[in-house]
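Dear colleague,

Please find the structure below, handed over for your records. My findings follow it.

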Amino acid sequence: MHDLLLTHATLATMAGPAPYGLVENAAIAVKDGRIAYAGPLADLPDNKAKETDDLGGALVTPGLIDCHTHLVYAGDRAAEFEARLLGKSYEEIARAGGGILSTVRATRAASEDALVEAALPRLDALIAEGLTTIEIKSGYGLTLEDEMKMLRAARRLGRERNVRVTTTLLAAHALPPEFKNADDYIAYVCSDIMPAVAAAGLADAVDGFCEGVGFSPAQIERVFEKAAALGLRVKLHAEQLSDLGGAKLAARYGALSADHLEYLKPEDANALAKAKTVAVLLPGAFYFLRETKLPPVEALRANGVSMALATDCNPGTSPMTSLLLAMNMGCTLFRMTPEEALSGVTCNAATALGLDDAGTLTPGKRADLAIWRARHPAELAYGIGANPLIRRVFAG
Ligand code: DI6
Ligand code: FE
């Protein structure tokens with residue numbers, strides 16, 4: 001006896017040889033929070049279920065996974081956005097206390113409760129489009145106490161809503177104002193923040209911002225060494241604004257993902273492929289910053305690098321709470337195919353988070369599903385501003 005049985009479905013299983021792993025005239029059965037069957041309706045071994053729903057041909061995909069977000073933060077930067085459009089330069093805004101450090105100030109001043117309250121509407125917008133798993137980074141606290149507060153708020157979001165949250169420690173995001181020297185701050189991150197966060201079990205992975213305006217490859221390497229010693233997987237913001245060789249560094253440390261990658265040299269794609277590091281592309285930041293340098297999608301594809309897509313939801317460079325829009329942008333801006341876009345928010349996003357129990361419709365995986373008012377999966381990346389979600393199933 002199944003708990004839930006969906007019949008006359010069109011399944012984009014994201015597994016198997018067919019494009020999208022498509023199965024038409026299909027059924028999917030759920031038992032104890034897991035997928036018990038996903039395949040042709042005609043081959044369904046057992047059609048008894050507590051709840052049965054005839055989908056009349058509607059599309060079922062794995063629940064969507066946003067594998068790169070900065071969802072937890074206080075305040076916003078709309079005034080800064082407006083000032084820039086009224087002609088103020090980035091430097092003027094930074095001198096007036098704007099930019100990333102304004103979010104750090106607001107986040108430090110906010111309570112854990114206030115951070116949860118501020119993040120919930122953003123989370124709800126993503127859930128309304130079929131999201132079932134989300135990664136949330138710290139990185140606006142930059143003290144042990146404030147980074148822990150952000151990570152606790154992130155974990156609480158997973159209890160406030162039916163959604164799976166994974167957390168990533170991004171203490172190496174920006175140099176906090178009380179430090180004059182980036183090496184001194186990295187020493188503090190490695191000696192104080194990382195061990196305490198690991199001991200508290202508050203982070204599933206460790207990330208860094210490898211950039212001229214962030215931290216150098218040598219500094220990131222110290223963070224990665226410490227993460228390895230603590231048994232934590234790593235990921236990296238790499239090659240977003242310039243090419244510092246961050247992706248190769250990430251690959252050398254067996255990173256789960258290297259993210260952004262606009263400035264990645266095509267010949268470095270191979271290193272990601274060998275390390276099975278997922279390339280996480282973030283078209284929202286590309287769009288919002290009016291970047292013109294495209295990530296080398298052709299080289300990533302040719303080298304067999306798994307590509308994911310995420311919102312990068314953050315107040316400074318990607319105030320975006322739509323994974324469907326990220327899919328559309330991945331296609332229109334980066335020339336990904338609709339199938340790559342859907343892989344990017346399902347199976348490959350799961351890999352980017354080190355999750356082997358989500359991202360495809362295959363027996364044994366978690367029953368995280370999205371049911372769409374659509375007949376073909378290309379419709380999901382095709383629409384702009386539409387939300388064809390009918391229903392979301394979370395862990396059955
Ligand atoms: N990449 C970005 O673009 C930002 N952080 C990052 O790692 C900017 C975050 C912000 O401006 O608040
Ligand atoms: Fe980011």
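Where does ligand 1 sit? Ligand 1 sits in the largest pocket; a pocket is an open set of points, on a 1 Å grid over the protein atoms alone, where a 1.4 Å probe fits, with protein on both sides within 12 Å along at least five of seven lines, and a molecule sits in it if more than half of its atoms lie within 2 Å of its grid points.

This is a predicted model, in which local features need pLDDT of at least 70, side-chain atom pairs count only at pLDDT 80 or more, and totals for chains, interfaces and linings use all residues. Residues are numbered from 1 along each chain as written, chains are lettered from A and ligands numbered from 1 in the order written, and side-chain values use heavy atoms, without hydrogens and water.

Polar side-chain atoms lie 2.8 Å from a ligand 1 oxygen atom for Arg-77 and 3.0 Å for Thr-317. The protein covers 94% of the 320 Å² of accessible area (Shrake-Rupley, 1.4 Å probe) that ligand 1 has on its own.

The iron ion (ligand 2) has as protein donors (N, O and S atoms within 2.8 Å of the metal) His-68 (NE2), His-70 (NE2), His-237 (NE2) and Asp-312 (OD), at 2.1 to 2.3 Å. Along the chain, these donors follow the spacing H-x1-H-x166-H-x74-D. Water is not among the atoms, so the site may look incomplete.

Kind regards

How values were computed:
Polar contact = N/O pair within 3.5 Å; in protein donor to acceptor, adjacent residues only side chain to side chain. 1 Å grid on protein atoms, 1.4 Å probe; cavity = no way out; pocket = protein on both sides within 12 Å on 5 of 7 lines; lining within 4 Å. Donors = N, O, S within 2.8 Å, 3.2 Å for Na, K, Ca; no water.
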